[in-house]
Amino acid sequence: MIAFSHYDIALLFQAMVRTVELSLGGGVLGIAGAIILTALRLSDMRGMLPLRILAVVYVQTIRRIPFIVTLYIVFFCAGMMGLDVSATVVAIGSIGLIAAAYLCEILHGGVKTVPVEQVEAALVLNLPLWARWRYVIGPQAMSAVVPPAIGYLVLFIKDTALASQIGVVELSQAGVILSNRGLPSAQVFCMVLLLYFAISYPLTCLSRLLEKRIAVH
Amino acid sequence: MTGLDFHPVFTRLLFLLGGVGVTVLIAGLAFVFGLLLAVGLAVLRFENQGTWRRLSRSYSTALTNTPQLSQIFAVFYCLPLMGVMVSPFLSVVIGMTLNAAAYLADILGAGMARVPAVYHEVALTLGLNRRQTYLRVILPYAGRTMFPALANHFQIMILGSAMASIFGVEDLTGRAYDIGSTTFRVLEVMLVTGGLYALLSFALTGVFSLFRRTMERMV
């Protein structure tokens with residue numbers, strides 16, 4: 001009683017690839033943005049103060065705006081600035097903007113869990129900047145950063161479903177297209193939900209595993 | 001970049017502000033019903049060892065690993081097939097309730113597991129029955145420790161309720177989209193809407209911390 005033809009399967013498959021692209025692209029941008037934002041927030045130079053405030057305001061505000069609204073803002077901003085970019089690029093950019101804010105919060109929180117004495121000791125030992133981060137702060141912050149960061153990445157894989165609203169044909173949009181073509185809705189949406197589950201569940205397990213691993217140490 | 005013109009948005013600001021009420025209503029309804037379902041799921045998980053526990057766990061795993069949007073789509077398209085005609089508003093609330101129940105059950109489950117064993121023993125010694133133990137001992141205790149997590153999830157639901165606009169519900173985002181399509185000032189209206197969401201969220205943070213402080217003082 002399966003109503004899918006191989007064209008439908010191909011559409012679903014392409015859409016799933018698009019969802020993965022959105023998640024990966026957004027994730028990479030988000031991580032890069034989060035590192036820059038966190039660096040700004042942690043910098044203690046006097047001249048950096050305005051940038052620091054800007055970073056904090058950005059992180060605090062963007063996490064309080066629904067993803068779909070941010071998506072529309074970026075989409076229409078790009079249009080008004082005359083940028084000729086595809087909807088997919090806009091979607092990846094917006095996911096990156098939001099992911100950067102959330103991941104910055106996680107990263108910043110993680111770095112703050114490292115006891116001050118550790119950083120001071122590293123300073124006293126005259127370790128250069130990279131060595132402080134590589135051997136002292138990094139390894140200790142890791143346990144507080146990696147599991148929630150992966151947990152968050154899982155969350156926003158599901159947010160990519162909203163990219164359908166600016167015309168990206170990703171998994172949830174493929175479901176709507178197939179359903180509108182007259183395929184049985186129940187089967188279509190079960191399939192879509194299953195495919196999302198197949199992407200998301202392994203990552204959830206990974207995050208849980210890492211959490212346990214780190215708790216053991 | 002051509003100039004931004006906020007005037008058409010400000011003349012319709014009252015209409016837009018009305019959407020805040022709808023947004024809070026959707027998130028509030030879904031949160032309350034989701035919480036009720038979640039209490040059931042969490043108790044199921046807590047009381048049983050076998051199948052029921054596994055079922056309750058699987059429910060959370062299944063719904064937390066799939067997007068809320070697709071879940072609402074499934075409700076929106078599949079309920080009418082089963083002969084249940086519901087309005088878009090209701091299907092969004094149902095979809096969000098089912099989704100919220102999964103997350104809230106995880107939160108409550110974790111909270112209930114953290115209630116010290118002594119509490120259970122004391123309740124038993126006092127001769128409370130199961131229902132009384134849950135209603136008067138375990139849930140109030142778990143509720144207090146879980147309050148920040150619950151409040152946080154409510155904030156997430158406020159943001160999530162923006163999806164209602166996709167189904168034609170006139171919540172804040174839906175109304176913003178309406179104004180955008182009649183005035184062609186989409187960017188301006190979306191900027192204002194984003195600001196309103198941020199204000200709403202900051203206000204809720206304030207209300208929650210106030211509520212928490214009063215609660216702590218009362219106990």
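Is A:Thr38 buried or exposed, and what is its relative accessible area?

A: Keep in mind that this is a predicted model. In it, A:Thr38 is buried, because its relative accessible area comes to 3%, and the cut-off for buried is under 20%. You'll find A:Thr38 in helix α1 of chain A, which covers residues 6-42. Its side chain reaches back to the backbone oxygen of A:Ala34, at 2.5 Å. Leaving out residues up to four places away in sequence, A:Thr38 touches A:Cys104, A:Leu107 and A:His108.

A:Val119 sits in helix α5 of chain A, residues 116-124. A:Val119 counts as partly exposed, since its relative accessible area is 25%. Setting aside neighbours within four places in sequence, A:Val119 is in contact with A:Val114 and A:Ile137. A:Ile137 is 18 residues away from A:Val119 along the chain, yet their C-alpha atoms are separated by 7.1 Å.

Carry on to the loop between α5 and α6 of chain A and you run into A:Asn126. A:Asn126 is exposed, because its relative accessibility is 65%. Its backbone is worth a look too: phi is near 65°, a positive value in a residue that isn't glycine. For context, most residues other than glycine have a negative phi.

Next, α3(A). Just past the end of α3(A), A:Gly82 takes a positive phi of about 75°.

That brings us across to chain B, where α8(B) deserves a visit of its own. Helix α8 of chain B runs over residues 172-183, and its 12 residues at 1.5 Å each should span 16 Å; the end C-alpha atoms are 16 Å apart, so that agrees as well. The buried set in α8(B) consists of B:Leu172, B:Thr173, B:Gly174, B:Arg175, B:Ala176, B:Ile179, B:Gly180 and B:Thr183. Their cover includes α3 of chain A, along with α1 (7-11), α2 (13-47) and α9 (186-218) of chain B.

B:Phe184 has a positive phi of about 60° although it is not a glycine. B:Phe184 also counts as exposed, because its relative accessibility is 71%.

Stepping back to chain B as a whole, you have nine helices and zero strands. Its C-alpha atoms fill a box of roughly 70 × 50 × 25 Å along the principal axes. Of the 219 residues in chain B, 47% are buried. Among contacts in chain B between residues at least 6 apart in sequence, 80% join residues at least 24 apart.

Finally, the interface itself. On the chain A side 36 residues are in contact with 38 residues of chain B. Interface size is often given as the accessible area lost when the parts come together. Here, chain A and chain B bury about 3100 Å² between them, with 77% of it on carbon and sulfur atoms. Between the two chains there are zero salt bridges, and seven residue pairs are in polar contact, both residues being at pLDDT 80 or more. On the side of chain A that touches chain B, the elements giving two or more residues are α2 (49-62), α3 (67-80), α6 (129-159), α7 (171-180) and α8 (185-216) of chain A. The most comes from α8(A), with 10 residues. By type, the residues on that side of chain A split into 23 nonpolar, 10 polar and three charged.

Conventions
Residues numbered from 1 in each chain as written. Chains lettered and ligands numbered in written order. Heavy atoms only, no water. Contact = heavy atoms within 4.5 Å. Buried area = accessible area lost by both parts, 1.4 Å probe. Salt bridge = Lys/Arg side-chain N within 4 Å of Asp/Glu carboxyl O. Polar contact = N/O pair within 3.5 Å; in protein donor to acceptor, adjacent residues only side chain to side chain. Helix = DSSP H or I, 4+ residues; strand = E, 2+ residues; numbered from the N terminus. Nonpolar A, V, L, I, M, F, W, Y, C, P; charged D, E, K, R; others polar. Expected span 1.5 Å × (residues − 1). Buried < 20%, exposed > 50% of the residue type's maximum accessible area, 1.4 Å probe, protein only.
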